[in-house]
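How are two packed helices described? They are described by the angle between their axes and the distance between the axes. The structure below is read in those terms.

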Amino acid sequence: MASSLFIDLDGQPIPDSEILGYGRSGVVMLRNGLAVKTPLRHPWSTEDDVQLNVEVIQREQEVYRRLNSTGSGNGQIDGVVPCIGFSTKATQLAYMENGDLRAYLEKNKPSRALQMSWFRQMARTLEQIHDKRVLVADIATRNFLLDSDLSVKLCDFTEASVLPLDTVMELADDNGFSIQTDIGQLGAVMYEVVTGSKCDFDLFKDNAPDDGRAIWPQRTSLPSTNGLWDIETIARSVVRRIPARISRRQNKVDRAAQIYSPIHLPQELQPLLEQWKSLPQKFPLRLPESQDYGQELPVKSPDEFVAKSFLFLCGIERVMIIEKVRCRLCYVAFYLMKDQLQRDGFRQDAIVCLSDMIKRTDMVSAGEHAIQRKLRTWVDKGERLWLLSMDLEGPGVLFLLPEDIGENM
């Protein structure tokens, strides 16, 4: 057997059959069903060489710790190769049996549907990584691995930067690397997936010899996208939400507020609007235990009006606090039910499915369109509450959110 180019931490040759890949500082081998990444070590490597590679592995472990943390986002990111564990000089990762995306593209031509699925996964993953205040800096097809179901997962964070958690990512600049350069590299990956040809997105091509900063390449150095199935439009539609998501911890909650914040009169109050003719004490009030829209607070004197108003608010405040939390939990429940149906690959509109389930019980007399309209409103509210609760470290905050947070946040 030919001598191995690599030796392990114990000084033993690594059989070629175990080697999954290698880079400038590390080698990945298959051990006990796991992909184990260790410092690159050749038979001729010096101790200083190996120590430098050990430090690179340890810096990458810090990236994995940040990406897997629950204090800076929503825990482990689905689109990143799962990190199983660490030792001082090795990182254990889940084994992705279909290899890297570049090797796959050399032998296969993925369908447009699969390409679009990959692009969405890639953009979502990059969005979540930036939300953890990490810049990747080395996004390429060789660093996307394919799981058994051909889903893509990002690996190799040896060039990544872990930034402070209060960093405004849209303004972050780490020696020229930024969210913009990450997105540019992702665009080069999309080009390679669509065309099968590598896009040379070189961040150092236009540098002066003594300038080590990353610089956005000139458009003239990039390949043309003419004739491709509208790749520029696709790329924009896939990645356009990334900068807004990470700017000042901006997320779907903030963007949704721009859509849902206009003031509008709730439908339940429309019958009462015309009755607002006189003084507040004449305005019909629907008490919590009453279904009578005509019930009023009759008063005989200013003192009695003040006292009855006080008693009314004491009674209704307690009910409102409890019911508001109940509403929040139910909104979130409907959002999670709809989200689970979609994750399970349910082909029908999830809202229609939920509506059909309700109608089959014969417990609700409203028509299907009215039910679906309600469900869509509740799911929208539930999504915003759920995302807000995840940003604030868990759904328990639904009990603690201030009463005046507003339905539209």
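In this predicted model, helix H10, residues 350–360, and helix H11, residues 368–391, have axes that come within 9 Å and cross at roughly 125 degrees. H10 is therefore oblique to H11, since an angle counts as roughly antiparallel if it is over 145 degrees and as roughly perpendicular from 65 to 115 degrees. The crossing of H10 past H11 is right-handed.

On the H10 side, the contact is made by Ile351, Val352, Leu354, Ser355, Ile358 and Lys359. H11 contributes Glu368, Ile371, Gln372, Leu375, Arg376 and Val379. Sorted by class, the contact of H10 with H11 has 7 nonpolar, 2 polar and 3 charged residues.

The second pair is H3 and H4. Helix H3 covers residues 112–131 and helix H4 covers residues 179–195. They pack at an angle of about 165 degrees, and their axes are 11 Å apart. Because of that angle, H3 is roughly antiparallel to H4, the cut-off for this label being over 145 degrees. H3 passes H4 in a crossing that is right-handed.

Which residues of H3 meet H4? They are Gln115, Trp118, Phe119, Met122, Ala123, Leu126 and His130. Their counterparts in H4 are Ile179, Asp182, Ile183, Leu186, Val189, Met190, Val193 and Val194. By class, this contact of H3 with H4 has 12 nonpolar, 2 polar and 1 charged residues.

Notes: Residues are numbered from 1 along each chain as its sequence is written. This is a predicted model: local features need pLDDT of at least 70, side-chain atom pairs count only at pLDDT 80 or more; totals for chains, interfaces and linings use all residues. Side-chain values use heavy atoms; hydrogens and water are left out. Axes are lines fitted to C-alpha atoms, for helices over the stretch in contact, and angles run from 0 to 180 degrees between N-to-C directions. Helices (H or I, at least four residues) and strands (E, at least two) are DSSP runs, numbered from the N terminus. Angles under 35 degrees count as roughly parallel, over 145 as roughly antiparallel, 65 to 115 as roughly perpendicular and the rest as oblique. A crossing is left-handed if the near helix is turned anticlockwise from the far one by less than a right angle, and right-handed if clockwise. Contact means heavy atoms within 4.5 Å. Ala, Val, Leu, Ile, Met, Phe, Trp, Tyr, Cys and Pro count as nonpolar, Asp, Glu, Lys and Arg as charged, and the others, Gly among them, as polar.
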